[in-house]
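Subject: Structure for you to look at

Hello,

Here is the structure I said I would hand over. Please open it alongside this email and follow the residue numbers as you read.

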Amino acid sequence: MMDQIAVHQDSATSRDWPVAIYRTLKSFGVAQVSYVPDAGHSKLIKLSHADADIKTTVLTTEEEGVAMAAGAWLGGDRAVLLMQSSGVGNCVNMLSLMASCRFPLLTLVTMRGEWAEFNPWQIPMGRATPQAFEIMGTTVLRLENPDDAEEVVSAAASLAYDGDQQVAVLISQRMIGRKKWTRETH
C-alpha cells in the first residue's frame with residue numbers, strides 16, 4: 001500500500017539551531033515544555049524529553065499549552081509552548097488570559113505557509129500568524145537565520161520572564177527546510 005508522507009528536502013534541517021534554542025531555554029531556567037507534535041520542533045522536543053530537569057507535556061490542542069504556561073508560572077516554574085503556525089488560531093482566546101493576568105508566555109512557532117510551501121491549506125494561517133499574535137498584544141520576533149537562534153530566543157525569554165510579557169518567536173519555514181509529498185511503500 002502506498003501512503004503519502006511529508007519529508008524534508010533542504011540542508012537547513014541539519015543545522016543545530018534547535019540545540020542553541022535548548023541551551024538558551026535551559027539558561028533561563030525553563031522547567032516545562034508543552035507541545036503538539038511537530039516535525040519542525042522534533043529535535044528540540046527530543047532534547048527536552050532527554051533532560052530529567054524538564055517536564056514535557058504532549059497537548060491535544062495548542063490552547064492547552066497557554067493554560068499550562070499560566071499554571072507553571074503560578075507554581076513557580078518557567079514554561080515554553082512549542083507549536084506550528086497552523087495552531088496559533090486555536091490560542092487566540094487563551095492569549096487574553098495571559099495579557100489580563102500579566103503572566104509571561106514564551107512560545108516558539110515553526111512557520112508554515114511561507115517559503116516553498118507545498119500544502120495550500122497551510123498558507124492562510126501562515127499569513128495570519130503574526131497579526132493574530134499582535135492583535136492579542138503578543139510581541140512577535142522573527143527567527144530567520146540559524147546563527148541568530150540563541151540571540152533571538154534569549155531576547156524573547158528576557159522579555160517574557162523578566163517583563164511578564166507574552167512573546168512569540170516565529171521560526172522561518174526556510175530554517176525548517178522544504179517539505180514535499182513523496183510516496184513510500186509499506
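The whole chain

Please keep in mind that this is a predicted model. The protein chain has 7 helices and 8 strands. Of its 186 residues, 46% are buried. If you take the contacts between residues at least 6 apart in sequence, 81% of them join residues that are at least 24 apart.

The nonpolar cores

The largest nonpolar core holds 28 residues, and those touching the most other members are Ile21, Leu25, Val80, Leu106 and Leu108. Which elements supply at least two residues each to this core? On the helix side they are helix 1 (17-27), helix 2 (42-50), helix 6 (149-163) and helix 7 (173-176). On the strand side they are strand 2, strand 4 (78-84), strand 5 (105-110) and strand 7 (166-171). Helix 6 gives the most, with 7 residues. There is also a second, separate core of 21 residues, and Ala70, Met83, Leu95 and Met111 are among them.

Setting aside residues up to four places away in sequence, Leu106 touches Leu25, Ala79, Val80, Leu81, Ala156, Ala157, Ala160, Tyr161, Val167 and Val169.

Helix 1 and its two partners

Start with burial: in helix 1, the residues Trp17, Pro18, Val19, Ile21, Tyr22, Thr24 and Leu25 are buried. An α-helix has 3.6 residues a turn, so residues three or four places apart point the same way. Keep that in mind when you compare the two contacts below.

With helix 2, the axis of helix 1 comes within 9 Å and crosses at roughly 40°. Angles from 35 to 65 degrees fall between roughly parallel and roughly perpendicular, and helix 1 and helix 2 are therefore oblique to each other. Their crossing is right-handed. Helix 1 brings Pro18, Val19, Ile21, Tyr22 and Leu25 to this contact, and helix 2 brings Lys43, Leu44, Leu47 and Ser48. Sorted by class, the contact has 7 nonpolar, 1 polar and 1 charged residues.

With helix 6, the axis of helix 1 comes within 8 Å and crosses at roughly 35°. This crossing, too, is right-handed. Here the contact is made by Trp17, Ala20, Ile21, Thr24 and Leu25 of helix 1, and by Ala149, Glu150, Val153 and Ser154 of helix 6. By class, that gives 6 nonpolar, 2 polar and 1 charged residues.

Just after helix 1, look for Gly29, which takes a positive phi of about 75°.

Helix 3 and helix 4

Are helix 3 and helix 4 roughly parallel or roughly perpendicular to each other? The axes of helix 3 (residues 62-74) and helix 4 (residues 92-101) come within 8 Å and cross at roughly 15°. Angles under 35 degrees count as roughly parallel, and helix 3 and helix 4 are therefore roughly parallel to each other. Helix 3 passes helix 4 in a left-handed crossing. In this contact, Glu63, Val66, Ala67, Ala69 and Ala70 of helix 3 meet Met94, Leu95, Leu97 and Met98 of helix 4. The class count is 8 nonpolar, no polar and 1 charged residues.

Ser34 lies in strand 2 (residues 30-35). Its relative accessibility is 4%, so Ser34 counts as buried. Beyond its neighbours within four places in sequence, Ser34 is in contact with Thr57, Leu59, Gly65, Met68, Val80, Leu81 and Leu82.

Thr57, one of those contacts, is in strand 3 (residues 55-58). Is Thr57 buried or exposed? Thr57 counts as buried because its relative accessibility is 18%, and buried means under 20%. Leaving out residues up to four places away in sequence, Thr57 touches Val33, Ser34, Tyr35 and Met68.

Gln166 is in strand 7. At 5% relative accessibility, Gln166 also counts as buried. Apart from residues up to four places away in sequence, Gln166 touches Met98, Ala99, Phe103, Leu105, Gly137, Thr138 and Thr139. Gln166 and Thr139 are 27 residues apart in sequence, yet their C-alpha atoms are 6.2 Å apart in space.

That is the list; please go through it with the model open.

Regards

Conventions: Residues numbered from 1 in each chain as written. Predicted model: local features only at pLDDT ≥ 70, side-chain atom pairs only at ≥ 80, totals over all residues. Heavy atoms only, no water. Helix = DSSP H or I, 4+ residues; strand = E, 2+ residues; numbered from the N terminus. Buried < 20%, exposed > 50% of the residue type's maximum accessible area, 1.4 Å probe, protein only. Contact = heavy atoms within 4.5 Å. Core = buried A, V, L, I, M, F, W, Y, C linked by side-chain atoms within 4.5 Å. Axes fitted to C-alpha atoms, helices over the stretch in contact; angles between N-to-C directions. Parallel < 35°, antiparallel > 145°, perpendicular 65-115°, else oblique. Left-handed = near helix turned anticlockwise from the far one by under 90°. Nonpolar A, V, L, I, M, F, W, Y, C, P; charged D, E, K, R; others polar.
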